[in-house]
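Take a look at the structure shown here.

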Amino acid sequence: MKRRLSMMMILAMACILAVAGCSGNNSAEPSETSKPTQETGSTGTPEAGGNLRVIWWGNQDRHNLTSEVLDLYSKANPGVTFTPEYQGFDGYYQKLTLLAASNNMPDVFQFYVGASDANQFIDKGLVEPLDAYIESGLIDVSEIGESTLSGGKGSDGKIYGIPLGVNARVMIIDPAAYEKVGLTIPEKGYESWEALYEDLKKLKDVTGAYGADDLFNIAFTLPYYARQFDQTVNAEGTGIGFDEKLYTDFFTYRQEWAKEGLIPKMDASMSVKNPEESFLVKGQSAVMVGYTSQYPGVVKAAGRPLKMILMPGPNSEKAMDVRPGQHFSISVSSPNKEAAAKFISYFVNDIEANKLLNANRGMPITSKVRESLMDQFDPEMKEVADYLDIVSEHSGPLDAPAPAGATEIDTLMVDLEQQIMYDQTSIHDAYEKLKKDAANIVAKHKQ
């Protein structure tokens with residue numbers, strides 16, 4: 001839900017990138033918008049690594065924990081200082097876009113390689129490929145699995161981000177609500193969407209509002225739903241990798257379930273800005289979907305026991321995947337690329353640093369770090385670790401990187417999603433437009 005950007009903002013971002021012709025250079029003249037939020041550590045020197053600007057999104061817990069790690073790194077590496085910048089997710093990519101347009105990108109930035117919001121930076125040559133730093137050993141990936149590492153690859157096969165943790169999609173349920181209506185919790189997930197539909201009708205009576213939060217957010221659920229039927233959201237050549245039947249079935253579920261009040265209507269679902277504000281947390285639904293990294297926060301916000309089960313529907317064993325939660329990437333314009341690479345390597349491999357982070361960005365990507373944290377995990381985080389073990393045995397490989405132009409296609413899909421749900425267009429007409437425009441977008445980017 002957080003990734004839902006208004007069309008106006010996205011168009012503005014695209015215009016900024018296009019007009020600026022941001023190709024990345026070494027001119028990093030600070031601007032008014034990028035004054036240091038706070039400088040940590042002792043005085044940095046170019047010889048020792050200098051000052052690294054690092055930017056990320058997250059809640060206050062993440063900000064505090066990450067700042068502690070920066071301090072820890074500075075103490076262990078005299079001469080390296082940091083200028084941290086952080087904020088919530090809303091507006092994060094807009095800020096990054098403005099920094100890029102003014103040739104003022106930070107040295108290190110939190111990212112998600114493969115997301116449409118992020119791909120445009122790679123397409124514009126603003127992100128440094130990390131392959132050479134890995135080959136030289138500056139970034140140690142010896143404890144990172146190839147599958148996990150591949151999640152940081154762009155469409156050209158180069159690595160543009162190092163994963164900071166791994167995540168998986170999850171369905172979060174309220175066991176007390178299930179018990180009240182005498183439902184058996186499907187421990188391995190619902191075998192079909194129809195079976196879930198039948199239970200939501202009973203759960204709605206318990207909550208007095210909805211059976212579930214929005215289960216069909218197009219950015220979150222459509223990729224999973226497509227994988228259930230051996231299709232993908234993005235595809236080379238055509239732009240989209242799913243047929244009209246799949247698109248129709250997906251939106252028919254959503255329209256009918258919203259009409260029956262089993263899930264919120266579009267305007268209500270868009271009012272939820274983060275998982276801690278979900279209807280499940282408020283006791284107004286009994287089911288929601290999200291990522292494993294969000295589960296501890298949702299339980300804490302709800303203040304009552306919740307439970308994770310696999311996502312619903314057929315063929316979940318090939319639709320589920322274990323994916324990088326977020327990445328750290330390096331700006332192509334950074335004057336401190338080697339120092340930035342060394343810091344990223346430390347961030348994902350150092351045990352003491354990760355004890356401070358406590359899997360805040362997802363389960364650590366190296367087995368050595370994961371094992372060192374098990375004793376300090378709270379019950380919810382141990383549930384996440386156990387759940388990820390289950391998913392790893394019931395999951396397929398990651399989808400191929402999205403083709404150039406996927407950012408525009410995803411923007412178009414979000415626009416059409418809203419038109420469908422507000423009855424401004426039919427599902428058939430939306431698909432026809434999407435199919436035609438997506439192919440044109442891909443063709444334009446090949447020129």
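Predicted model: local features only at pLDDT ≥ 70, side-chain atom pairs only at ≥ 80, totals over all residues.

Q: Are helices H3 and H4 roughly parallel or roughly antiparallel to each other?
A: Helix H3 spans residues 92–101 and helix H4 spans residues 116–123. Their axes come within 10 Å and cross at roughly 15 degrees. Angles under 35 degrees count as roughly parallel. H3 and H4 are therefore roughly parallel.

Q: Is the crossing of H3 and H4 left-handed or right-handed?
A: Two packed helices are described by the angle between their axes and the distance between the axes. The crossing of H3 and H4 also has a hand, and that hand is left-handed.

Q: How do the residues of the contact of H3 with H4 divide into nonpolar, polar and charged?
A: H3 brings Tyr93, Leu96, Thr97 and Ala100 to the contact. H4 brings Asp117, Ala118 and Phe121. The division is 5 nonpolar, 1 polar and 1 charged.

Q: Is Arg254 buried or exposed?
A: Arg254 lies in helix H10, residues 244–259. Its relative accessible area is 2%. Buried means under 20%, so Arg254 is buried.

Q: Which side chain is joined to that of Arg254 by a polar contact?
A: The contact links two side chains, one of them from Arg254. Its length is 2.9 Å, and the partner is Asp214.

Q: Is Ile344 buried or exposed?
A: Ile344 is found in helix H14, residues 337–349. Its relative accessibility is 0%. The cut-off for buried is under 20%, so Ile344 counts as buried.

Q: What separates the C-alpha atoms of Ile344 and Gly161?
A: Leaving out residues up to four places away in sequence, Ile344 touches Val108, Ile162, Phe328, Ser329 and Ile330. Gly161 is 183 residues from Ile344 along the chain. The separation of their C-alpha atoms is 9.7 Å.

Q: Where is Asn315 placed?
A: Asn315 has a phi near 60 degrees, a positive value in a residue other than glycine. With a relative accessible area of 29%, Asn315 is partly exposed. Its place is in the loop between strand E9 (307–309) and helix H13 (316–319).

Q: Is Asp423 buried or exposed?
A: Asp423 sits in the loop between helix H18 (406–421) and helix H19 (427–446). Its phi is positive too, near 55 degrees. Relative accessibility is 65% for Asp423. Exposed means over 50%, so Asp423 counts as exposed.

How values were computed. Residues numbered from 1 in each chain as written. Heavy atoms only, no water. Axes fitted to C-alpha atoms, helices over the stretch in contact; angles between N-to-C directions. Helix = DSSP H or I, 4+ residues; strand = E, 2+ residues; numbered from the N terminus. Parallel < 35°, antiparallel > 145°, perpendicular 65-115°, else oblique. Left-handed = near helix turned anticlockwise from the far one by under 90°. Contact = heavy atoms within 4.5 Å. Nonpolar A, V, L, I, M, F, W, Y, C, P; charged D, E, K, R; others polar. Buried < 20%, exposed > 50% of the residue type's maximum accessible area, 1.4 Å probe, protein only. Polar contact = N/O pair within 3.5 Å; in protein donor to acceptor, adjacent residues only side chain to side chain.
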